[in-house]
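Colleague: I would like to go through the terms used for this model. Please set each value against its definition.

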Amino acid sequence: MFLFQTGQQISKHLYILRACVRDADGKKYVFLIDESESWKVAVGLQRLRKGSQVRSLGNGQMAPGEIARILNTIPLVF
């Protein structure tokens, strides 16, 4: 993984984690996480940053428009 981005949709109580993997295809994975489970993501990313295999790992925030686009494309069923 070389980049992860997080976003938050307050009205739906969701966090979005988008991760880009370092491979030939440049795959991006999107995870929708309930607000009550978001602490697990923070702990996991801390562990990842402290790991021995991390060389350069970027992080950033997702733009509000990008969050809306992702949520509009994915049917949410809870």
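**Terms and values**

Modeller: Cys20 stands opposite Lys28 in β3. This is a predicted model, in which local features need pLDDT of at least 70, side-chain atom pairs count only at pLDDT 80 or more, and totals for chains, interfaces and linings use all residues. Residues are numbered from 1 along each chain as its sequence is written, and side-chain values use heavy atoms, with hydrogens and water left out.

Colleague: What makes β2 and β3 a pair?

Modeller: Two strands (DSSP runs of E, at least two residues) pair if DSSP finds at least two bridges between them. Seven bridges join β2 to β3, and the two run antiparallel.

Colleague: Why are β3 and β4 said to stand at the edges?

Modeller: The open sheet has the order β3-β2-β1-β4, with mixed pairing. β3 (28–34) and β4 (58–61) each have a single partner strand, so one side of each lacks a neighbour in the sheet.

Colleague: Why is Arg18 called buried?

Modeller: Buried means under 20% relative accessible area, with a 1.4 Å probe and protein chains only. Arg18 has 11% relative accessibility, so Arg18 counts as buried. Arg18 lies in strand β2 (residues 14–20).

Colleague: What makes the pairing of the Arg18 and Glu66 side chains a polar contact?

Modeller: A polar contact is a pair of N or O atoms within 3.5 Å; within protein, one must be able to donate a hydrogen and the other to accept it, and residues adjacent in sequence count only if both atoms are side-chain atoms. The side chains of Arg18 and Glu66 make such a contact at 2.8 Å.

Methods. Helix = DSSP H or I, 4+ residues; strand = E, 2+ residues; numbered from the N terminus. Buried < 20%, exposed > 50% of the residue type's maximum accessible area, 1.4 Å probe, protein only.
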